[in-house]
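Hi,

Here is the model I promised to send over.

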Amino acid sequence: ATWRETRERAIHDERAAARAAIGTSASAPRLSIVLPTHETPAALLRACLDSVLDQTYPHWELCVADDASVAPHVGAILREYAARDSRIRVDFRATNGHISAASNSALALATAPFVALLDHDDVLPPAALAEVAIEIDAHPGAAVVYSDEDRIDEQGARFDPYFKPEWNPGLLTSQNYISHLGVYRTELVRAVGGFREGYEGAQDWDLVLRCTERVDSRAIRHIPQVLYHWRAAAGSTSRSMA
């Protein structure tokens with residue numbers, strides 16, 4: 001809490017002008033957010049979607065694939081948000097294919113040159129996409145961009161920040177430290193075949209390993225800011241990674 005009130009707030013104030021400028025820049029990159037959903041609790045789904053709508057950076061599209069949720073509130077909420085903002089598009093899958101198949105369905109909707117991965121119960125801070133856009137604009141050859149992250153509980157309290165190193169291929173072989181927020185050049189993700197079925201639960205790790213082995217290390221960019229809040233709900237993967 002002390003760090004948030006001092007260092008994080010200072011960073012936010014220092015970068016306010018740059019964040020505002022990138023939104024109106026002629027070179028501002030478009031970003032597709034890939035979001036698979038399945039039986040997401042209503043409150044958490046709304047919080048996730050609201051965090052996208054609350055982005056200070058306007059040049060995004062949200063590509064949602066619902067993996068045949070049975071709970072009626074999931075489809076109702078997704079249709080509600082799609083009606084509210086034309087940047088939100090939803091594919092309702094007819095059959096349940098699990099996380100990799102659903103992620104590929106969402107990826108198929110993407111039209112921007114970069115895709116950002118978002119889990120259905122997680123939250124992006126308002127400046128997340130602006131900071132990604134600044135990094136891409138400053139480094140046009142970027143292929144993989146990642147940020148620091150922390151966790152957020154069901155009451156919205158933040159904890160357990162992960163301040164990550166610069167590109168470290170050895171560390172990546174032992175854990176998916178890139179994880180959240182992970183942003184990839186769309187053509188690279190498609191070139192490696194997207195998300196592989198059979199790797200459910202480690203599909204993002206499998207993806208980043210295949211993507212990073214294809215690009216020069218200088219194309220892998222780290223943003224040393226917490227730009228992703230990973231939901232630590234009961235039974236979630238973030239709890240098991242503690």
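This is a predicted model: local features need pLDDT of at least 70, side-chain atom pairs count only at pLDDT 80 or more; totals for chains, interfaces and linings use all residues.

Residues are numbered from 1 along each chain as its sequence is written, and side-chain values use heavy atoms, with hydrogens and water left out.

Empty spaces first. Rolling a probe the size of a water molecule over the atoms shows where empty space is left. The search uses a 1 Å grid over the protein atoms alone: a cavity is a set of points where a 1.4 Å probe fits but cannot get out, a pocket is an open set with protein on both sides within 12 Å along at least five of seven lines, and lining residues have an atom within 4 Å of a point. Points are joined across faces, edges and corners, and a volume is the space filled by probe spheres set on them.

The second largest pocket has a volume of about 340 Å³. Its lining has 18 residues, with E8, H12, R19, P125 and R158 nearest the centre. Helix 1 (2-14) and strand 8 (220-231) each give at least two of the lining residues, and helix 1 has the largest share, 7 residues. (Helices, H or I of at least four residues, and strands, E of at least two, are DSSP runs numbered from the N terminus.) By class, the pocket lining splits into 9 nonpolar, 3 polar and 6 charged residues. Here Ala, Val, Leu, Ile, Met, Phe, Trp, Tyr, Cys and Pro are nonpolar, Asp, Glu, Lys and Arg are charged, and the others, Gly among them, are polar.

Across the whole structure there is 1 cavity of 30 Å³ or more. The largest cavity has a volume of about 60 Å³, and its lining includes V34, I99, F195 and D204. Strand 1 (31-37), helix 5 (98-108) and helix 9 each supply at least two of its lining residues.

Now helix 2 (residues 16-24), where R19, I22 and G23 are buried. These three cover an arc of only 100° around the axis (taken from the directions from the helix axis to the C-beta atoms), so they sit on the same side of helix 2. A17, A20 and T24 are exposed on the other side. Buried means under 20% relative accessible area, exposed over 50%, and partly exposed in between (1.4 Å probe, protein chains only). The buried residues of helix 2 pack against helix 1, helix 6 (128-138) and strand 8; contact means heavy atoms within 4.5 Å.

Finally, the single residues. D206 is in helix 9 (residues 203-212) and is buried, because its relative accessible area is 8%. Its side chain has a polar contact of 2.7 Å with that of R196. A polar contact is a pair of N or O atoms within 3.5 Å; within protein, one must be able to donate a hydrogen and the other to accept it, and residues adjacent in sequence count only if both atoms are side-chain atoms.

L31, in strand 1, is buried at 1% relative accessibility. Its C-alpha atom is 8.8 Å from that of V183, although 152 residues separate them along the chain.

R89 belongs to strand 3 (residues 88-92) and is partly exposed at 31%. The side chain of R89 reaches the backbone oxygen of L109 at 2.2 Å.

Cheers
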